[in-house]
Structure formats: structure tokens, C-alpha cells
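This briefing covers helix packing, salt bridges and surface features. Read it alongside the model shown here.

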Amino acid sequence: MLTAEQIVAAQKANIETLFGLTQKAFEGVEKLVELNVQATKAALSESANSTQALLSVKDAQELLALQAGLFQPLAEKTVAYSRHLYDIAAGTGAEFGKAAEAQASETQKKFLAVVDNASKNAPAGSETAVAVFKSAISASNNALESVQKAVKQATEMAEANFNTVTASAVNATKSAAKKR
């Protein structure tokens with residue numbers, strides 16, 4: 001059924017896929033490290049500015065106003081950081097998903113080729129069994145496609161919910177800052 005060249009080609013394709021996924025994983029880690037370095041630099045700079053502002057406070061009312069002024073930007077920056085973090089994770093996950101779909105599609109094609117080849121060489125009278133087997137493969141492919149669509153819809157819904165919660169958090173901090 002399978003020749004040595006086909007096995008070598010399949011192994012080569014699997015290794016290329018592995019290296020491609022490893023590269024995508026490292027790119028995601030690089031983006032995460034870059035985000036954290038930027039966030040740390042910004043936090044250090046803002047901390048120095050806040051400390052200078054605190055040292056120049058003259059009375060309690062000015063201190064309360066300073067605290068209120070610091071709270072909202074902090075909340076907005078936390079939301080922005082969370083958004084960037086989510087984008088990095090979602091992008092890396094999408095790359096892994098694309099690779100998995102491509103690999104599954106290629107595997108299905110190869111399996112169907114093997115089944116077709118076997119059905120051509122099947123003994124007379126086994127057409128019904130081959131048809132049932134092909135029907136089962138078709139049903140499993142349809143089920144896989146349904147699962148992939150459901151996962152995509154769930155991901156889109158989770159992203160929409162994340163955006164809603166993020167917007168609500170920013171609005172809540174704006175409302176709280178205005179009340180002070």
C-alpha cells in the first residue's frame with residue numbers, strides 16, 4: 001500500500017509542520033516578552049512621575065484629586081495590556097488551528113486515496129462494504145467540519161464577550177473617576 005517514498009515524504013511534511021509550529025510558538029513568546037518589557041518601562045516611568053507628583057502635594061484635597069487622576073489611566077492601561085495579551089494568545093492559537101486544519105485535511109485526502117486504491121483492488125461483491133466504509137468516512141468528515149465551525153463560533157463569541165467586559169470595565173472606571 002504505502003511505499004518507502006510516501007512514508008519519507010509524510011515524515012518530512014510532519015517535521016516541517018513541527019518546525020513551523022515551533023517557530024509560531026517562539027514568535028508568540030517574543031511578542032509576549034516585548035509587551036511585558038514595554039509595560040514595565042511604562043510602569044517605571046509613570047511610577048517616577050507619580051512619586052514626583054505625590055511629593056509636591058500641599059493638602060489632602062490635592063492628594064485625593066491626584067489619586068483619582070491616577071486611577072482611571074491605570075485601569076485603561078490594564079485593559080489595553082489585557083487586550084494585547086489576548087491578541088497575542090489568539091493570534092498564536094489561530095496559527096496552531098490553521099496548521100491543525102491543514103494537517104487534518106491532508107491526512108483525510110491521503111486516507112481517502114488509500115481507501116479508493118483498496119476499493120479498486122477489492123474482490124468482486126464487496127462494493128456494498130466499500131460504499132458503507134466510504135459513507136462512514138464522509139460522515140466523520142462532516143462531523144469534523146461541524147466541530148471546527150462550532151469552535152470558530154465559540155471563539156468569536158468569547159472575543160465578543162471579552163470586548164464587552166473590557167468596555168464595561170473602562171466605562172465603570174470613567175464613571176467612578178467622574179464621581180470623585
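Val-29, Val-33 and Val-37 make up a nonpolar surface patch with about 230 Å² of accessible area together. The model is predicted: local features need pLDDT of at least 70, side-chain atom pairs count only at pLDDT 80 or more, and totals for chains, interfaces and linings use all residues. Residues are numbered from 1 along each chain as its sequence is written, and side-chain values use heavy atoms, with hydrogens and water left out.

**Nonpolar patch**

- Patches take residues with over 30% relative accessible area and no salt bridge; like charges are joined within 9 Å, and nonpolar side chains (Val, Leu, Ile, Met, Phe, Trp, Tyr) within 5 Å.
- Accessible areas come from the Shrake-Rupley method with a 1.4 Å probe, and for residues only the protein chains shown count as cover.
- Val-37 sits in helix α1, which covers residues 4-55.
- Helices (H or I, at least four residues) and strands (E, at least two) are DSSP runs, numbered from the N terminus.
- Val-37 has a relative accessible area of 42%, so Val-37 is partly exposed.
- Buried means under 20% relative accessible area, exposed means over 50%, and partly exposed lies in between (1.4 Å probe, protein chains only).

**Packing of α1 and α2**

- The axes of α1 and helix α2 (residues 60-120) come within 11 Å and cross at roughly 180°.
- That angle makes α1 roughly antiparallel to α2.
- The contact of α1 with α2 has 16 nonpolar, eight polar and six charged residues.
- Axes are lines fitted to C-alpha atoms, for helices over the stretch in contact; angles run from 0 to 180 degrees between N-to-C directions.
- Angles under 35 degrees count as roughly parallel, over 145 as roughly antiparallel, 65 to 115 as roughly perpendicular, and the rest as oblique.
- For the classes, Ala, Val, Leu, Ile, Met, Phe, Trp, Tyr, Cys and Pro count as nonpolar; Asp, Glu, Lys and Arg count as charged; the others, Gly among them, count as polar.

**Salt bridges**

- The whole structure holds four salt bridges, each defined as a side-chain nitrogen of Lys or Arg within 4 Å of a carboxyl oxygen of Asp or Glu.
- Lys-24 pairs with Glu-95 in a salt bridge, with the closest N and O atoms 3.9 Å apart.
- This pair links distant parts of the chain: Lys-24 is in helix α1 and Glu-95 in helix α2, 71 residues apart.
- Lys-24 is partly exposed at 29% relative accessible area, and Glu-95 is partly exposed at 28%.
- Lys-77 and Glu-46 form a salt bridge at 2.5 Å, N to O.
- Here too distant parts of the chain are linked: Lys-77 is in helix α2, Glu-46 in helix α1, 31 residues apart.
- Lys-77 counts as partly exposed at 40% relative accessibility, as does Glu-46 at 31%.
- Arg-83 and Asp-87 meet in a salt bridge at 3.2 Å, N to O.
- Arg-83 and Asp-87 are four residues apart in helix α2, so about one helical turn separates them.
- Salt bridges that share partners join Lys-24, Glu-27 and Glu-95 into one network.
- Asp-87 is partly exposed, at 37% relative accessibility.

**Alanines and C-alpha distances**

- Ala-169 belongs to helix α3 (residues 127-179) and is partly exposed at 34% relative accessibility.
- Ala-169 and Glu-76 are 93 residues apart in sequence and 8.5 Å apart in space, C-alpha to C-alpha.
- Ala-118 lies in helix α2 and counts as partly exposed at 29% relative accessibility.
- Between Ala-118 and Val-130, the separation is twelve residues in sequence and 8.9 Å in space, C-alpha to C-alpha.
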